[in-house]
Amino acid sequence: RFFSLSRSSKELYPLARHHNAGYEFFEQVRPSTGVPDQKESFQVTARPEAMHGRWPEREVPGFEQTCRRFIDEAFCVGCSIMGMVEQRCGLPEGTLASAHNLWADDCQTTLRLLHY
């Protein structure tokens with residue numbers, strides 16, 4: 001539903017590059033062609049200050065909750081995969097997953113929603 005909004009409504013949540021969070025329109029340039037990709041995106045970085053003021057809740061009620069739920073579910077899948085890698089590499093259980101903490105101040109996890 002977010003991408004169905006008017007461009008001016010989406011631009012109320014511009015990409016903050018230092019947080020890697022927010023909306024952008026045709027801004028990522030393909031190195032091979034030098035031409036912007038024909039897409040728009042909304043990036044959700046799972047860090048509290050990164051998303052402060054960037055949830056379009058007024059325009060899309062439930063957007064934050066839906067994104068958080070999706071990130072949580074994807075994180076669980078990722079932790080399962082990391083567990084398999086740990087087991088195969090002989091690492092103690094939790095070694096890789098312990099380096100990833102959603103919604104912590106140092107979190108680097110980003111959900112990137114794309115619309116072509």
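Q: Into which class, buried, partly exposed or exposed, does the relative accessibility of Arg 68 place it?
A: The model is predicted, with local features needing pLDDT of at least 70, side-chain atom pairs counting only at pLDDT 80 or more, and totals for chains, interfaces and linings using all residues. Residues are numbered from 1 along each chain as its sequence is written, and side-chain values use heavy atoms, with hydrogens and water left out. Buried means under 20% relative accessible area, exposed over 50% and partly exposed in between, with a 1.4 Å probe and protein chains only. Arg 68 has a relative accessibility of 29%, so its class is partly exposed.

Q: Which residue meets the side chain of Arg 68 in a salt bridge?
A: A salt bridge is a side-chain nitrogen of Lys or Arg within 4 Å of a carboxyl oxygen of Asp or Glu. The N to O distance is 2.9 Å, and the partner is Glu 64.

Q: How many salt bridges does the structure hold?
A: Side chains of opposite charge can pair when their charged atoms come close. Among the pairs here are Arg 58 and Glu 59, at 3.1 Å from N to O; Arg 58 is exposed, with a relative accessible area of 69%. The number of salt bridges in the structure is 6.

Q: What is the N to O distance in the salt bridge of Arg 7 and Glu 11?
A: Arg 7 is partly exposed at 42% relative accessibility. Glu 11, at 39%, is partly exposed too. Their side chains meet with an N to O distance of 2.9 Å.

Q: How far from Glu 86 is the nearest side chain of opposite charge?
A: Glu 86 lies in helix α3, which covers residues 63-89. Lys and Arg count as positive and Asp and Glu as negative, while His and the chain ends are not counted. Glu 86 is buried and has no salt bridge; the nearest side chain of opposite charge is Arg 88, at 13 Å.

Q: Which residue has its backbone nitrogen reached by the side chain of Glu 86?
A: Glu 86 is buried without a salt bridge. Its side chain does reach a backbone nitrogen, at 2.9 Å. That nitrogen belongs to Thr 95.

Q: In what order do the elements of the chain run from the N terminus?
A: Helices (H or I, at least four residues) and strands (E, at least two) are DSSP runs, numbered from the N terminus. The chain has 3 helices and 3 strands. Their order is α-β-β-α-α-β.

Q: What percentage of the residues in the chain is buried?
A: The C-alpha trace spans about 50 × 40 × 25 Å along its principal axes. The chain has 116 residues, and the buried share is 32%.

Q: What value is phi of Trp 103 near?
A: Most residues other than glycine have a negative phi. Trp 103 lies in the loop between α3 and β3 (110-115) and is buried at 17% relative accessibility. Its phi is positive, near 65°.

Q: Where in the chain is Asn 20?
A: Phi of Asn 20 is also positive, near 55°. At 33% relative accessibility, Asn 20 is partly exposed. Its place is the loop between α1 (7-10) and β1 (22-25).

Q: Is Arg 54 buried or exposed?
A: Arg 54 lies in the loop between α2 (48-51) and α3. Its C-alpha is 16 Å from that of Glu 40, 14 residues apart in sequence. The relative accessibility of Arg 54 is 15%, so this residue is buried.

Q: What is the volume of the largest cavity?
A: On a 1 Å grid over the protein atoms alone, a cavity is a set of points where a 1.4 Å probe fits but cannot get out, and lining residues have an atom within 4 Å of a point. Points are joined across faces, edges and corners, and a volume is the space filled by probe spheres set on them. The count is 1 cavity of 30 Å³ or more. The largest cavity has a volume of about 40 Å³.

Q: How many charged residues line the largest cavity?
A: The lining includes Glu 24, Asp 37, Lys 39 and Arg 112. Asp, Glu, Lys and Arg count as charged, Ala, Val, Leu, Ile, Met, Phe, Trp, Tyr, Cys and Pro as nonpolar, and the others, Gly among them, as polar. The lining has 1 nonpolar and 2 polar residues, and the number of charged residues is 5.

Note on methods. On a 1 Å grid over the protein atoms alone, a cavity is a set of points where a 1.4 Å probe fits but cannot get out, and a pocket is an open set with protein on both sides within 12 Å along at least five of seven lines; lining residues have an atom within 4 Å of a point. A polar contact is a pair of N or O atoms within 3.5 Å; within protein, one must be able to donate a hydrogen and the other to accept it, and residues adjacent in sequence count only if both atoms are side-chain atoms.
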